[in-house]
Amino acid sequence: MKAQDVQDYLQSLAGEWQYPVDTVDTFKAGDPHAVARGIAVGWMSYTWALQRALDLDCNVFITHEPTYYSHWDNDEDILRLAPVRAKKRFIEENGLVIIRCHDLWDQMTGMGIPDAWGQHLALGKAIDGDTYIRVYETGGQRAGDLARRVAGCTAAYGQPGVQLIGSEEKLVHRVSIGTGAITPYLECVERFAIDLAICTDDGMEYWRDGGFAIDMDIPIIAVNHMVSEEVGIERLSEQLRRRFPAIPVHHIRQRCMYRLVRDAQ
């Protein structure tokens, strides 16, 4: 089986609504015709994650986020930096094939990022939403209780606490979640009449949205971008494992991008 076979399969899942233009879901490194010894799947193709793939004898790496830190994979400018060029040499010298699976999995219903995140939070069946947003009815929970529940779901991914902006006592019914960096708080307030939004730390305008949330009593629970997507990346690896049972498929587990550091006092 070739690396191109993996890409062809991913593209086939998209149907007619996405490919073949205006997508970042393309080969980022390596030879598409290389024989796939094994497939590694990770949220981001960090150098350590690529090394882990090699240790597992995987020469194909499926990444959700960019390899060289630009969403549109505009690599030329960042390659002015010596450490980035060193990463590129590492990829080339080890014959790694990198395929990005972002747009597809952010829009895939049922098993992609949005629904996987909502299912992980045990929010039930979505009652409204769009391509990237899901809206749920929670039955009138206190915002503080819901925040603690979300924190219980994020702890396994390296985020033991979440941020709650607004009143803990607010009773909430309509709750929105988004996908990765697409958690447009004000849009969800206007379009979907929510009374709480679960946003990501880089999917909202923090000072503006936070001020609105406090002033208008429509709270925000903020989680790390990566944490909101890791469950969906696990689902992607499971899907590839089912489709390609003859070769190893490994999920390279990743965690919250930051750690909370407290004063020693």
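Select aspartate 217 to begin: in this predicted model its relative accessibility is 33%, which puts aspartate 217 in the partly exposed class. Now read the backbone torsions. Aspartate 217 is a residue other than glycine, yet its phi is positive, near 55 degrees. For context, most residues other than glycine have a negative phi.

Next, go to alanine 193. This residue lies in the loop that runs between helix 7 (185–192) and strand 9 (196–200). Is alanine 193 buried or exposed? With a relative accessible area of 52%, alanine 193 is exposed, since the cut-off for that class is over 50%.

For the last stop, show helix 5 (residues 113–120) together with helix 9 (residues 225–243). Their axes come within 8 Å and cross at roughly 110 degrees. Angles of 65 to 115 degrees count as roughly perpendicular, so helix 5 is roughly perpendicular to helix 9.

Then display the side chains where the two helices touch. On helix 5, select Ile113, Ala116, Trp117, Gln119 and His120. On helix 9, the contacting residues are Val227, Ser228, Glu229, Val231, Gly232, Ile233 and Arg235. Which classes of residue make up this contact of helix 5 with helix 9? Colouring by class gives six nonpolar, four polar and two charged residues.

Methods. Residues numbered from 1 in each chain as written. Predicted model: local features only at pLDDT ≥ 70, side-chain atom pairs only at ≥ 80, totals over all residues. Heavy atoms only, no water. Axes fitted to C-alpha atoms, helices over the stretch in contact; angles between N-to-C directions. Helix = DSSP H or I, 4+ residues; strand = E, 2+ residues; numbered from the N terminus. Parallel < 35°, antiparallel > 145°, perpendicular 65-115°, else oblique. Contact = heavy atoms within 4.5 Å. Nonpolar A, V, L, I, M, F, W, Y, C, P; charged D, E, K, R; others polar. Buried < 20%, exposed > 50% of the residue type's maximum accessible area, 1.4 Å probe, protein only.
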